[in-house]
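Thank you all for coming. Please have a look at the sequence and the model on the screen, and then I will take you through a few places in it.

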Amino acid sequence: MKQANAAGGSIGGISADKLSAETQAWRAAAPYSAYLYIWGLAWMASAIVTFVGQWRNWELLQPVLFLLALALTGAVLLRRRRTSAERAAQNGFRGALFVAAAAVAVVWLLTRGPVGIAPFYWPALKGLALTAAYIVLSQRLGWVPGAFGAWMLALTITVGWMYLGYAPVLIGGFGGLSMVTLGAMIRMRNKGMNAE
């Protein structure tokens, strides 16, 4: 197999260059699996709180869950920045602030601005955003995130069309589960590549 890689041949019908690029992309994605765990668990917890909110007044926990996920994301970012010497050369903090400001601006435009999407459709919008993220990831990581994207798109369309009242629970729960699963797959694949 190493000879095929060195010669640029094919392995199982896939060119060695493409296989090598995909392997490097999976290795590069390994540190980001923590974010998939954090936000996946936050989405699942939010879905549970929404479901239980039918009988108990737990809806006040929604902002707490969001702020907890945001704080954990910040802690992981700070930890990674401290442990990596090359992070000092990059402007990761400015980039993160830019992404956060852009997200706040988009949410404002969609909720209060000229577009003004009703809150009833927000879970479907979350499902479509996660679908788009999976499709973008599939460009680098191959078919696995693409399959998650196709599944999320089918789920979002089905729930939006037939079961819109259950959208916060179904899209939040299954979307969070898909993020946790992809994070676990990235970790397992990276451990397998390190063992070789």
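Which helix supplies the largest share of the lining of the second largest pocket? Before I answer, please keep in mind that this is a predicted model, in which local features need pLDDT of at least 70 and side-chain atom pairs count only at pLDDT 80 or more, while totals for chains, interfaces and linings use all residues. Residues are numbered from 1 along each chain as its sequence is written, and side-chain values use heavy atoms, with hydrogens and water left out.

The answer is helix 4, with five residues; helices here are DSSP runs of H or I with at least four residues, numbered from the N terminus. At least two lining residues come from each of helix 3, helix 4 (61-83) and helix 8 (167-195). A pocket, on a 1 Å grid over the protein atoms alone, is an open set of points where a 1.4 Å probe fits, with protein on both sides within 12 Å along at least five of seven lines, and its lining residues have an atom within 4 Å of a point. This one holds about 300 Å³ of space, counted as the space filled by probe spheres set on grid points that are joined across faces, edges and corners. Twelve residues line the pocket, and the closest to its centre are Ala30, Pro31, Arg79, Arg80 and Arg187.

Let me stay with helix 3 (residues 33-52), where Met44 has its place. Leaving aside neighbours within four places in sequence, Met44 is in contact (heavy atoms within 4.5 Å) with Gly172, Gly173, Gly176, Leu177 and Val180. Met44 and Pro168 lie 124 residues apart in sequence, yet their C-alpha atoms are 9.9 Å apart in space.

Finally, the axes of helix 6 (residues 122-141) and helix 7 (residues 143-162) come within 7 Å and cross at roughly 160°. Helix 6 and helix 7 are therefore roughly antiparallel, a term for angles over 145 degrees. Among the residues making this contact are Tyr134 of helix 6 and Trp143 of helix 7.

Terms used: Axes fitted to C-alpha atoms, helices over the stretch in contact; angles between N-to-C directions. Parallel < 35°, antiparallel > 145°, perpendicular 65-115°, else oblique.
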